[in-house]
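Biologist: Before we use any labels, I would like each one set against its cut-off. Please show the model.

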Amino acid sequence: ERETMMGYQTGTLTGIKTWMVERGIRDRIAVWYLFVEKEKQKMNKVILNGVDLKIEDVVNVARKGYEVEIDKDCMAHIAEVRNYMESEWMRDDAPAVYGFNTGLGKHKDHKVTIEESDLHQYRTVLSHCGGVGDPAPEEVVRAAMCVRLNAFCRGVSGLRPVVVERLVELLNKGVHPVVPWQGSVGACGDL
């Protein structure tokens, strides 16, 4: 019966309600409202996977407040890459990788030890966090967060999964950083 109901008038919510009313199924109207709410939640969500984000998706997240969700396979890949990095690359004898275990710019030849890693990361962010001008509008910040999260889904940034999860949570709860219109760095996407 659910398949019949779902297929009525190409499965539209109006079609389902019509199907129920035509059959005098008044007692199922409450079920219909629950179904509508569940469908609205699905409709107001964008699943990010690093591959097929459309401009309409970004606009819906930025302007209409749609929530984002990371594709489960992408989260698994992000975790897999991070585990690999921790086991193979987060040790002092690992080969030099620019910005990961070396300094940046003129400090590119300085090897960063595991012991120095947290301080190195802190200093890198601190040295690149300058910005001036009025704060960007909320929709611009939401769009930037959405696009950045989508890039993280490719699994090449080496982030801990909890970082991605927190960014999703902040975006979905409407917690946005203040981002000045004029920033100091435009070269590195992961900063």
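Modeller: Contact here means heavy atoms within 4.5 Å. By that criterion, the buried residues of H5 pack against strand S1 (45-48), strand S2 (67-70), helix H7 (138-152) and helix H8 (161-172). Keep in mind that this is a predicted model.

Biologist: Which residues of H5 are the buried ones?

Modeller: Cys74, Met75, Ile78, Val81, Arg82 and Met85 are the buried residues of H5. Buried means under 20% relative accessible area.

Biologist: What puts them on the same side of H5?

Modeller: The arc they cover around the axis is only 125°, and therefore they lie on the same side of H5. The face turned away from that buried side carries the exposed residues Lys72, Asp73 and Glu80.

Biologist: How do you know what span to expect of H5, and what span does it reach?

Modeller: The expected span is 1.5 Å times one less than the number of residues. H5 (residues 72-88) has 17 residues, for which 24 Å is expected. From its first C-alpha to its last it reaches 24 Å, so the span is close to the expected one.

Biologist: What is found at the start of H5?

Modeller: There, a side-chain oxygen of aspartate 71 comes to within 3.0 Å of the backbone nitrogen of aspartate 73. The cut-off for a polar contact is 3.5 Å, so this pair falls inside it.

Biologist: Turning to H6, which of its residues are buried?

Modeller: In helix H6 (residues 117-127), the buried residues are Ser117, His120 and Thr124. Because they cover an arc of only 60° around the axis, they are on the same side of H6. Asp118, Tyr122, Arg123 and Val125 are exposed on the other side of H6.

Biologist: Why is glutamate 67 called partly exposed?

Modeller: Its relative accessibility is 34%. Buried would need under 20% and exposed over 50%, so glutamate 67 counts as partly exposed. Glutamate 67 is found in strand S2.

Biologist: What does glutamate 67 touch, leaving aside residues up to four places away in sequence?

Modeller: Glutamate 67 touches Asn44, Lys45, Val46 and Asn172. Valine 46 is 21 residues apart from glutamate 67 along the chain, with 6.2 Å between their C-alpha atoms.

Biologist: How many cavities of 30 Å³ or more does a search of the whole structure find?

Modeller: The search finds 2. The largest cavity has a volume of about 70 Å³. Trp89, Met90, Phe100, Asn101, Val112, Thr113, Ile114 and Ser117 line the largest cavity.

Conventions: Residues numbered from 1 in each chain as written. Predicted model: local features only at pLDDT ≥ 70, side-chain atom pairs only at ≥ 80, totals over all residues. Heavy atoms only, no water. Helix = DSSP H or I, 4+ residues; strand = E, 2+ residues; numbered from the N terminus. Buried < 20%, exposed > 50% of the residue type's maximum accessible area, 1.4 Å probe, protein only. Arc of directions from axis to C-beta. Polar contact = N/O pair within 3.5 Å; in protein donor to acceptor, adjacent residues only side chain to side chain. 1 Å grid on protein atoms, 1.4 Å probe; cavity = no way out; pocket = protein on both sides within 12 Å on 5 of 7 lines; lining within 4 Å. Points joined across faces, edges and corners; volume = space filled by probe spheres on them.
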